[in-house]
Amino acid sequence: MRVAALYDVHGNLPALEAVLEDVGRAGVDLIVVGGDVVPGPFPRETLARLQHLDQPVHFIAGNGELAILAQVAALDGEPVTYWGTTSGAPLPEPYLSVNRWTARQLRPDFAPTLASWPRTLRLGIAGLGDVLFCHGTPRRETEVFTRATPAERLAPLFDSTGASVVVCGHTHMQFDRAIGTTRVVNAGSVGAPYGEPGAYWLMLGPGVELRRTPYDLVRAAEHVRATAYPQAEEFAREILEPRPESEMTELFERWAPS
């Protein structure tokens with residue numbers, strides 16, 4: 001079985017379309033969507049596209065989906081108890097405005113779908129064995145670590161899963177590393193990567209292939225700017241010039257498990 005792992009699309013429909021073309025050419029048997037399909041500039045269109053694929057698809061929830069569901073509940077008058085942050089603290093207002101806007105786009109049509117997604121998934125993949133898919137870490141979808149986080153800090157967390165391979169996302173940077181007895185692979189981000197521009201994803205089975213799909217960045221940025229997304233200009237700019245991986249690794253390491 002060949003499995004494509006697509007993480008952190010963040011409503012970037014042009015990037016997703018480019019990746020799906022590559023996935024189609026690769027002849028995969030199954031797609032795993034690893035969370036944070038939303039928020040982003042094309043939330044309804046992106047979710048609809050993923051729900052109507054020819055290949056079988058499994059979804060797991062990321063902190064993005066859970067934060068949007070919290071905002072959907074707030075629209076119904078319930079208190080917000082989940083922000084999707086590593087610290088558990090409320091998001092700054094510019095990011096909250098994004099989540100409120102996304103919640104309005106998805107309620108009521110897509111909220112029940114998001115609420116049905118589990119937080120982890122296990123699959124047996126030939127050549128790799130028991131593979132666990134999660135968003136941040138097996139413990140928590142908001143938990144952050146990078147290629148630079150010392151393995152000895154993380155080994156108890158990953159070895160306890162019993163999986164031979166763990167696939168994660170959340171930090172938008174690809175890597176493939178050993179942590180204790182576990183191979184841990186970050187799929188990178190389809191829609192909002194750090195480092196070199198493009199759309200990042202994984203091919204699994206019988207080995208692990210880190211993939212990056214090029215697409216028309218200028219055209220994608222133009223389409224984003226034409227939306228009502230609250231941070232359209234910032235999102236478009238980061239499609240064209242993502243923040244450096246070194247900068248984001250240094251930032252995320254402040255929140256990594258100690």
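His10 is buried, with a relative accessible area of 11%, where buried means under 20% relative accessible area and exposed over 50%, with partly exposed in between, for a 1.4 Å probe and protein chains only. His10 has a positive phi of about 50° although it is not a glycine, and it sits in the loop between strand E1 (3–6) and H1; helices (H or I, at least four residues) and strands (E, at least two) are DSSP runs, numbered from the N terminus. This is a predicted model, in which local features need pLDDT of at least 70 and side-chain atom pairs count only at pLDDT 80 or more, while totals for chains, interfaces and linings use all residues. Residues are numbered from 1 along each chain as its sequence is written, and side-chain values use heavy atoms, with hydrogens and water left out.

**Backbone geometry**

- Most residues other than glycine have a negative phi, and most peptide bonds are trans.
- Asp36, which is not a glycine either, has a positive phi of about 60°; Asp36 lies in the loop between E2 and H2 and counts as buried at 3% relative accessibility.
- The loop between E2 and H2 is also the place of Pro39, and the peptide bond from Val38 to Pro39 is cis, with omega near 5°.
- A cis peptide bond with omega near -5° runs from Gly205 to Pro206, and Pro206 is found in the loop between strand E9 (199–204) and strand E10 (208–213).

**Helix faces**

- In helix H2 (residues 43–51) the buried residues are Pro43, Thr46, Leu47 and Leu50. They cover an arc of only 95° around the axis, which puts them on the same side of H2; the arc is that of the directions from the helix axis to the C-beta atoms.
- The cover over the buried residues of H2 includes helix H1 (13–26), strand E2 (30–33), strand E3 (57–59), helix H4 (93–106) and helix H5 (111–115), with contact meaning heavy atoms within 4.5 Å.
- In helix H7 (residues 217–225) the buried residues are Leu217, Ala220, Ala221 and Val224. Seen down the axis of H7, these fall within an arc of 100°, so they line one face of the helix.
- Val218 and Arg219 are exposed on the other side of H7, whereas the buried residues of H7 have H1 and helix H8 (232–240) among what covers them.

- A search of the whole structure finds 1 cavity of 30 Å³ or more, a cavity being a set of points, on a 1 Å grid over the protein atoms alone, where a 1.4 Å probe fits but cannot get out.
- The largest cavity has a volume of about 30 Å³, a volume being the space filled by probe spheres set on the points, with grid points joined across faces, edges and corners.
- Its lining consists of Thr146, Arg147, Thr171, Met173, Phe175, Glu245 and Thr249, where lining residues have an atom within 4 Å of a point.

**Whole chain**

- The chain has 9 helices and 10 strands, and 55% of its 258 residues count as buried.
- With 258 residues, a compact globule would have a radius of gyration near 18 Å, and the chain agrees with this at 17 Å; the radius is taken over C-alpha atoms, and the globule rule is 2.2 Å times the number of residues to the power 0.38.
- Among contacts between residues at least 6 apart in sequence, 70% join residues at least 24 apart.

Key. 1 Å grid on protein atoms, 1.4 Å probe; cavity = no way out; pocket = protein on both sides within 12 Å on 5 of 7 lines; lining within 4 Å.
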